[in-house]
Amino acid sequence: MHQDDRMTTESMQQCIDACVACAQICDRCADDMIGMAGGGKHDQHLQQLCIRLCQDCADICALSTRWMSRFSPSAESLCRACSDICDRCAEVCERHASHHPLCRTCAEECRRCAGICREMASAAA
């Protein structure tokens, strides 16, 4: 069996942990919103956008976790993209938080993850 001498740094492990937590809350938030009674047409559009961004965010966070865990040379680029998606998801969740309480928690976790992913990408550059 091949022995790999690369080690996960503390900052990388923090980023992995943040991505896992963010993916979990985004999945929960999106799932909880599906089938939720919407208000007017604007509210329904915001809810649909929120669900889609939560799903996108969960997916990119999960992929970021996998790429960092296997020391992918592309992990830095993906972490940058992940921070952007997390910020977009947080923005929409913040707008939707008055209609869906879980969106507030989701937005907070997305902001935290975005910051850690940005730091990770900057440190690797």
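1. Let's start with the charge. Helix 1 (10-33) and helix 2 (41-69) each put at least two residues into a patch of negative charge. The members of that patch, which sits on the surface, are D27, D31, D32, D56 and D59. Helix 1 is the biggest giver here, with three residues. Keep in mind while looking at all this that the model is a predicted one.

2. You'll find D59 in helix 2. Is D59 buried or exposed? Its relative accessibility is 53%, and the cut-off for exposed is over 50%, so D59 counts as exposed.

3. Now the overall fold. The protein has four helices and zero strands, and reading along the sequence gives you the pattern α-α-α-α. Take the contacts between residues at least 6 apart in sequence: 75% of them join residues that are at least 24 apart.

4. The protein has 125 residues, and 42% of them count as buried. As for the accessible surface, it comes to about 7,200 Å². Carbon and sulfur atoms account for 50% of that surface.

5. Next, have a look at H96, which has its place in helix 3. How much relative accessible area does H96 have? The value is 2%, and anything under 20% is called buried, so H96 falls in the buried class. Which residues does H96 touch once its neighbours within four places in sequence are left aside? The contacts are M33, M36, L46, Q47, C50 and C103.

6. R95 lies in helix 3, which covers residues 75-96. Its relative accessibility is 44%, between the 20% and 50% cut-offs, so R95 counts as partly exposed. H96, by contrast, is buried.

7. C50 is one of the residues in contact with H96. If you are turning the model on screen, C50 is a handy place to begin.

Technical notes: Residues are numbered from 1 along each chain as its sequence is written. This is a predicted model: local features need pLDDT of at least 70, side-chain atom pairs count only at pLDDT 80 or more; totals for chains, interfaces and linings use all residues. Side-chain values use heavy atoms; hydrogens and water are left out. Buried means under 20% relative accessible area, exposed over 50%, partly exposed in between (1.4 Å probe, protein chains only). Contact means heavy atoms within 4.5 Å. Accessible areas come from the Shrake-Rupley method with a 1.4 Å probe; for residues, only the protein chains shown count as cover. Patches are made of residues with over 30% relative accessible area and no salt bridge: like charges are joined within 9 Å, nonpolar side chains (Val, Leu, Ile, Met, Phe, Trp, Tyr) within 5 Å. A salt bridge is a side-chain nitrogen of Lys or Arg within 4 Å of a carboxyl oxygen of Asp or Glu. Lys and Arg count as positive and Asp and Glu as negative; His and the chain ends are not counted. The place of a charge is taken as NZ of Lys, CZ of Arg, CG of Asp or CD of Glu.
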